[in-house]
Each structure stands twice: as C-alpha cells, then as structure tokens.
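Keep the structure open as you read.

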Amino acid sequence: MNKELYTKLKEDLAEAVRSNDIQKIEEIKKILNIPKEQEAYFSKGLTGYPSVDKVWLKYYKEGAEDLANNIPVNKTVWDVIEEKLLEYYDVPALEYFGKIFSRQEFIDLCYIWARTFRAIGVEENEIVPIYGPVVPDICAMVFGLNIIGASAYFLKLAISKEALEEETKESKIAVVYDGMWQNVREEFAKDKFKKIIVATVTADMPSPKKEIVSFLNYIQTKKDKSGIPNDKKYIWLDEAKDLADYYTGNVKEKFVPNRSAFITSSSGTTVGGVVKGTVATNESIISQIVGSTHSGIPYFVGDRILNHFPFTASTSLNCLYLLALYNGLTVVVDPRVSEKDFYNQIINLKPNVALTTGSAWESFFNRVDKEMKSGKKFDFSYAKGWIIGGEGTDCSKFKNWNRIMKQTGSMSTLYSGYGLSETFSTVSVENSNHKYNFSKQIMSVGLPQAGMVVGVFDENGNELSYNQRGELYVKTKAHMKEYYNKPELTKSTLVDECIHTGDLAEIDEEGFLYIWGRIKDGIDLPNGEKLRLFDVANQIKDTDFIDDAIVLPMETEEENTLVAHIVWDERITEEEKPLLLEKLNQKLQDYLPQNVSVVGYSFHEGMLPYSPTTLKKDKNKLSKQTTGYVQIVDGNLVNISFIAKNGKYEIKQIEKNSKQSIRK
C-alpha cells in the first residue's frame, strides 16, 4: 500500500469513528488489518493512531495547533525577534557577569555586526563558521548574519581535524574564541580563510574580573604557545566592530524562501565519525518558536533564563536564546560548562528558567541533597521552569528531585522534555496543566508540542497504536532543510518532510511520549531479533539495590558478550555487594537469551560519568574501558580485564578476593 493511500485511510477512519459510521469503520478496519486491542479505542472516539488522534492537544488552549502552524509569512528570524525586542522594550535582553544589555543596546549591537560582516566581505548565502562558547557579541553575530542573508555554522567543539576541514571547505571567513584557538588553528590558518574574527570571553566582563581572566588566558597561551598570530588576517572584536562605520550601504537582505539561516551540530552524535550539521531555515526556526510559545512552556515576561551551552546545540540556540527573547525573558549568559559551574550558576544567578541534561541535574541535586543533610539551607522559590533534557532521567530520580524542589520552597516541579537538532530542538515537554503520573517503567518526556505530528512505526512503515514500541517519526514545519553537504544522510532521515528519528519510542493514550533509547543501541541475535541494551540496563535498575546502569557490548571471541557499568544504591555496604551481584547475575540469566551474558561489572561512585562537553553520559569513554571490571566466579568476586588480541578482546581473570566471597 502506498503512503498516500495509507494516510488517507487513517484520516477516513478518524472521520468514521467521529460520526460512528459502523459500516465505514468495518471496511477500513479490514483494509488496515487493525488488531483487536486497537479497536478498543474506537468507543473512546479514537482511531488508536496517535498521529491521527493527537490526544495531546486537549491539554493546550483551544486552537493551539492552528496558531502554531500560522507562522509569519515572508519574515526572517531577525524580523520576528526584532519585533519582540521592541514589544518587551523595558525588559533587558542580556545579562553577562553583571553587565546588562537593554533591548535597544542589543538591537544596535546586532546591526553593528551586520555592517561589520558586510565590511569584511561576507556575502548573501555565505556560511560563516563560529567556534567557541556563547558571549554577548556571538549572540549579536547570530542576528547580524541573519540580517544580511548569511548563515552562522556553530561548529561542534570536539570536532576532529578531518571533520573541521570538511565542514568549512566552502567558507572564507570564520569566528573563533581566543581560548580555543589551538583546536582549530591548523585549519583556520589556511589561505582559504581571508579573515578570522577573534572573540574573547572577557570583552564585556566588568573589572576586576576582566583583568584577572585576561591575565590567566595570557599565561595559558604563553604556556602552550597557542596565541593568535599577529597578522592582518586576524581581527579582534573591538577592531572588527570599528569596521562597521566604514560600511554605509544596505545591510538588510529581503526574505528568500527556504534560505539557510543557522547550522547546528546534531546532539553531540556522529555517523561513522562524520559530523552532522543540521541546517535550519527561517521558516523552520520561526515555526519552532511559535509552536513552543503556544504549547504552555513556562516562559514568562520579565523572567531570567540561564544560557551556559554553546550554540552548537540547537537547544541552546533555540530554547535558551531565541525562544527566550521572543517571549520577553532576559538571557543570562555564562559560558562556563561543568558540574561546579552549573551549581554556582543556579545558586548565585538564580535563573527562573534553566535547561540541561539529566546527568547535570543529577550532579546538581546530589550535591544539594548532601549539603542539606549537613544543615545548609537552600531557597529555590525563584524556580519556575527547570527542564531536564538530553538523555533525560528515570522516574525515581525525578520524584526525588521534585521532593527537594518542594522542600526548598519551589512552587514549580521539574519539567521533562525531548528534542532533536533535526526539528531545531523541542519535540515535547511536560505541560504545567498536566504532569506525568509515573505509570511506566521509564520517565515520560512530556507531551508533543502544538504543530508537531508524531507517531511510532514498525520496520515496514506501519503506524503502531498506543503503548507499543517503534521508531518515532516527527512531522513538523520546523524540520531541518538538510544535513550540511550530506544528501544521502539527509535522504534517509528526512522522508516526505517527516523526520525518522532513529529513537525507539511509544505514546500512551494520554498523549505522553516515552523514549526508550536509540534503535541501533542493541545486538543482533541468531534468530534475527535484536536485544536492546537499554532494556538490559532497565532490568538491572529494576532492583532495590542498583541506582543506575549502562550496558555495552564488548567485542570478544564469543559473540554477544556484554559489560555493565553500575552505580550501587547509597545504602548498600561493601559486604553486601558480592551477594547482591550474584542475585543480579541470576536475574539477568533468567532474562537474557541463551549465549548472551554480562561477563563483567564496573562500579562507579555516586553516578555514571558524563562528558564535560555534552554533559551526557559518556558512553564513548565507557566503551573504551578494558580494566576495572568484576564478576562472581565460584562464589568469589574476581577482577576481570579485557586484553586486545587479533582485533578483539580476550577475557582475563586477574585474581580472586577471598575477603569478598559470598560463601564464607
């Protein structure tokens, strides 16, 4: 059955169910081969197809979907944002280490950068790579380039030399943060780049912090010999902005349909080591902003929102910047990204809205909980929209963190959300009018926002009903234009204007979305089925003695060998661990198929390690770990290592520890 007919039949079924046309229902039911369990939804006025029923819309204001799809015509991102900057004129635009930028000052800065880019030769439709963290001038460059019809490409910070060369091959002007010059100097020093604008984190810092940080940066560049060359090719911020006065021509380009506006890097992931630059157009970005605004997001005029991520992430560029300015918030910019920095940002800057990964929130709340037990007092009454994104979290942690929020005076609970670079960030978020009820094993990532049509599909492209797992498809005006210079990858991901996410998901009859993990995150079994590694991890976590777990494959001579990285519940003593590990082994033996086994466990203190750049659980690092594993062998806790041999690993038992025997 072709896609057009399949879609039409589902729409006809919806009309037949609404009008209670029994004959029509029976005809379509036979053609679509609808199972009995799905038929049960007919009596509720539903087809059983989430993409048709859109049950999540009942939690939004009437007409939300129409409003989300009714985006401004013939306008650029800057056109839309400038209108909102003027509408909320009395609310500061940015705050940076105590320095306040009014709406008007920020508008002026954006036009300065538009003229600067014109003065140094940036042309319409040109791609300008930007490498580094967010500072006020970078915030203005975003719009300066959009004003003149060019695109900013926010390069992945951990980009390889090969990928850097490939992703910048069409560019002649770039922007780099001076403290990260050593990472890109080999490529940016090439003759293909005519001008390099050098940004600095200290440009708008107040004294004496500015002088202190500048001195430390100077010492570091002397130490690693990474200073910017003294050459006319390299222009520092202040010098660059002075060039704006030399350009007196027109800077604002007219709107052009489907023109590239921004390019971000896809969620920290790569395909075969290839960076995925996702290209967003003016239309897709505006669609995302308008859809989010009409979906009950906790953004209120005059509030302050923390932005500590580089714009390489679409979440940072959209949710923590564009969407905030559009809704009248002040963006509090602090480019430092670490557990300690995030803690201090939340405690000292007191943002009403903040968004970061589950790992970063876990680290934050672990520290708060520990300090509360020691007698320290916290006041989170200012929290209105603290959102968990990235890899998310689980139900038990989410409930515990909400307990802490309530104890510290917050009138709001945490929000859980999910997004994709391919949709310029948000797909779903919890709604303040209807929160998740913890009815499933995994944490919901909220309700699809207005303007998003989502569904889960089997391998043959047939839509599945509620509470069934399949690949998540997302259809929205906010979809990407393409992956930058990767037509084949684009073709496999963007199909008929629908994003095939690669995520295994399900949707319940209330409209809540659940993400189990990446479809590719598994091993193929001899019978043709796939064992999902996140399912194995959930089996491990589904005990009263394990706090968290990640399961990874290990390439050994024997097929389907797994290792598990676990965090014990804090109440478990060292003496209890051997016996509990034996109990866990037995549980997994009953669960796993034949010839699949967890051969070693690695214990982690407090929480699983996460990447310092993405703030997500660092599976890449864990996958390279070959020592530090244990297993129960003949009643004893044995140390396990993996020795490289002929392109694979050989399991080696190093020693037994009689003090940790389960058979004393």
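Buried means under 20% relative accessible area, exposed over 50%, and partly exposed lies in between. Keep in mind that the model is predicted.

Start with E430 and K435. Their side chains form a salt bridge, with the closest N and O atoms 3.6 Å apart. Which class does each partner fall into? K435 has a relative accessibility of 27%, so K435 counts as partly exposed. E430 is at 1%, and therefore counts as buried.

Now turn to helix α1, which spans residues 3–19. Both D12 and K8 lie in this helix. They are four residues apart, about one turn of the helix. Their side chains meet in a salt bridge, 3.0 Å from N to O. D12 is partly exposed because its relative accessibility is 23%. K8 is partly exposed too, at 43%.

K384 and D303 meet through their side chains in a salt bridge of 3.0 Å, N to O. The two residues are 81 residues apart. K384 sits in the loop between α16 (358–373) and β13 (385–389). D303 sits in the loop between α13 (282–293) and β10 (304–307). At 6% relative accessibility, D303 is under the 20% cut-off and so counts as buried. K384 is at 34%, so K384 counts as partly exposed.

Finally, look beyond pairs. A network of salt bridges links D394, K397, K541, D547, D548 and K617. How many salt bridges are there by this rule? The count comes to 44.

Technical notes:
Residues are numbered from 1 along each chain as its sequence is written. This is a predicted model: local features need pLDDT of at least 70, side-chain atom pairs count only at pLDDT 80 or more; totals for chains, interfaces and linings use all residues. Side-chain values use heavy atoms; hydrogens and water are left out. A salt bridge is a side-chain nitrogen of Lys or Arg within 4 Å of a carboxyl oxygen of Asp or Glu. Buried means under 20% relative accessible area, exposed over 50%, partly exposed in between (1.4 Å probe, protein chains only).
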